[in-house]
Amino acid sequence: MQHPDFELYDNAGRDGDQIAAAHFGIATRDDLLRWARRDAEPFLTQHPLPAEPLPAPDPAPYLAALAAAETPAEVSAVTQLLLDAAQPALSAMSDLLVAIARWGDRHRFAEQGSPPKLLMEAAGRSLSVLAVADEADLAILRAEYDPAPAPPKAPVSGRPQAPSGLPPNPPPAPRTGPAPGR
């Protein structure tokens, strides 16, 4: 297959992707997207979609609050409010990716690693960002408010003692059988 935009062996003006694609006889990512845009023009004329990016939340208030935070509780407040603000947009994106994966029932009987399965995985990962960030925030709060108890200190005798309020550890069982040899 000859590349539609370049003569054979003409590398002038090509980028690395174009050279590699020409070597293997495949289209580049940009080629595929350009051809799809060309073929979808009549469809997009009938179904106009916004060309500008979705509005992003203004990070300034979160950054200002984070700069003023002095305790883990204050940082957690910033984190939780940021996650609450981002959740609707990430949920909408996840729902759209699932709808794309399900288009034409392509997802039914699709093999692992196929485009519908990858889209479903991307939908799940878009929401896992929220879960991972929440888990990190809770770990910080747990370390601050509910730290793990310190391990019991070994007494001078070398045997660990039971925590207070519990019965003492039983004595070690006497050895049975032959003595260990050299």
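Along the sequence, the protein follows the pattern α-α-α-α-α. It comprises five helices and zero strands, where helices (H or I, at least four residues) and strands (E, at least two) are DSSP runs numbered from the N terminus. The structure is a predicted model, in which local features need pLDDT of at least 70 and side-chain atom pairs count only at pLDDT 80 or more, while totals for chains, interfaces and linings use all residues. Residues are numbered from 1 along each chain as its sequence is written, and side-chain values use heavy atoms, with hydrogens and water left out.

Of the 182 residues in the protein, 13% are buried (under 20% relative accessible area, with exposed over 50% and partly exposed in between; 1.4 Å probe, protein chains only). Among contacts (heavy atoms within 4.5 Å) between residues at least 6 apart in sequence, 41% join residues at least 24 apart.

Residue S76 lies in helix α4, residues 72-102. With a relative accessible area of 8%, S76 is buried. Apart from its neighbours within four places in sequence, S76 is in contact with D137 and L141.

The largest pocket has a volume of about 340 Å³. A pocket is an open set of points on a 1 Å grid over the protein atoms alone, where a 1.4 Å probe fits, with protein on both sides within 12 Å along at least five of seven lines; the volume is the space filled by probe spheres set on the points. The lining residues (an atom within 4 Å of a point) are L33, A36, R37, A40, F43, L44 and L49.
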